[in-house]
Amino acid sequence: MNKLLIILFITLLGSSCVLQKPTNYDNIYNTKWSIITINGISIDEMQNYKQAELNFSKTDSSYYGNNGCNRIKGKFIVEENEVSFSQGISTKRYCEAVDEQKFYSILSSTNSIKLKKKILLLYKGDLVLAEFQKSHIQD
């Protein structure tokens with residue numbers, strides 16, 4: 001009976017220690033990702049963010065795009081299943097009714113991303129911060 005319990009314990013312990021396979025991020029590159037939700041709110045309800053988009057370059061580990069008003073560019077780091085974004089730089093156009101800090105806050109808070117078909121999800125832990133839809137492949 002004790003041997004059976006030990007075998008059961010070892011089996012359960014072993015199955016809980018299975019390493020999660022790292023996500024393959026190759027599909028995020030050379031693609032325009034257009035925002036569709038911010039903090040669960042549809043862009044249809046937040047008209048000012050309709051131009052927000054992200055693009056990723058593998059050659060120099062950079063991101064670039066638009067925060068809804070200004071062009072943005074910065075660096076990102078991908079390690080295993082984790083990702084982080086640098087603050088980056090942006091143009092300085094006047095933006096009425098666009099909360100640019102909200103977009104930057106999402107990027108700086110993101111610690112993982114997931115791809116679900118043509119949807120790129122930015123997460124902080126288990127919380128989805130933003131969703132982007134694949135728009136088209138760039139040259």
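This section describes the fold, core, aromatic pairs and selected residues of a predicted model. Local features were considered at pLDDT of at least 70 and side-chain atom pairs at pLDDT 80 or more, whereas totals for chains, interfaces and linings use all residues. Residues are numbered from 1 along each chain as its sequence is written, and side-chain values use heavy atoms, with hydrogens and water left out.

The protein chain contains 2 helices and 10 strands, taken as DSSP runs numbered from the N terminus (helices: H or I, at least four residues; strands: E, at least two). Their order along the sequence is α-β-β-β-β-β-β-β-α-β-β-β. Of the 139 residues in the protein chain, 35% are buried; buried denotes under 20% relative accessible area, exposed over 50%, and partly exposed the range in between (1.4 Å probe, protein chains only). Among contacts (heavy atoms within 4.5 Å) with a separation of 6 or more, 46% involve residues 24 or more positions apart.

The largest nonpolar core comprises 30 residues, and I28, F56 and F132 have the most contacts inside it. A nonpolar core is here a set of buried Ala, Val, Leu, Ile, Met, Phe, Trp, Tyr and Cys residues joined through side-chain atoms within 4.5 Å. Elements that each supply at least two residues of this core include strand 1 (31–38), strand 5 (71–79) and strand 10 (127–137). Helix 2 provides the largest share, 4 residues. Beyond its neighbours within four places in sequence, I28 contacts W33, F56, F76, I113, L115 and L120. In helix 2 (residues 100–109), the residues E100, F103, Y104, I106 and L107 are buried. The buried residues of helix 2 fall within an arc of 155° viewed down the axis, so they line one face of the helix; the arc is that of the directions from the helix axis to the C-beta atoms.

The structure holds 5 aromatic pairs. Rings of Phe, Tyr and Trp (its six-membered ring) are paired if their centres lie within 6.5 Å, and planes under 30 degrees apart count as stacked, over 60 as edge-to-face and the rest as tilted. Y63 and F85 form an edge-to-face pair, at 5.3 Å centre to centre and 80° between the planes. Y63 belongs to strand 4 (residues 62–66) and F85 to strand 6 (residues 82–85), so this pair ties together parts that are 22 residues apart in sequence. Y63 is buried at 1% relative accessibility, and F85 is buried at 9%. The ring centres of F76 and F85 are 6.3 Å apart with planes at 35°, so this pair is tilted. Ring pairs link Y29, F56, Y63, F76 and F85 into a cluster.

S112 lies in strand 8 (residues 112–116) and is buried, with a relative accessible area of 12%. Residues up to four places away in sequence aside, S112 touches N81, V83, L121, L122, Y123 and G125. The charged end of K114 sits over the ring of Y123, 4.7 Å from its centre; the criterion is NZ of Lys or CZ of Arg within 6 Å of the ring centre and within 35 degrees of the ring normal.

Most residues other than glycine have a negative phi. N39, not a glycine, has a positive phi of about 50°; N39 is located in the loop between strand 1 and strand 2 (41–42) and is partly exposed at 43% relative accessible area. K117, also not a glycine, has a positive phi of about 55°. K117 is in the loop between strand 8 and strand 9 and is exposed, with a relative accessible area of 82%.
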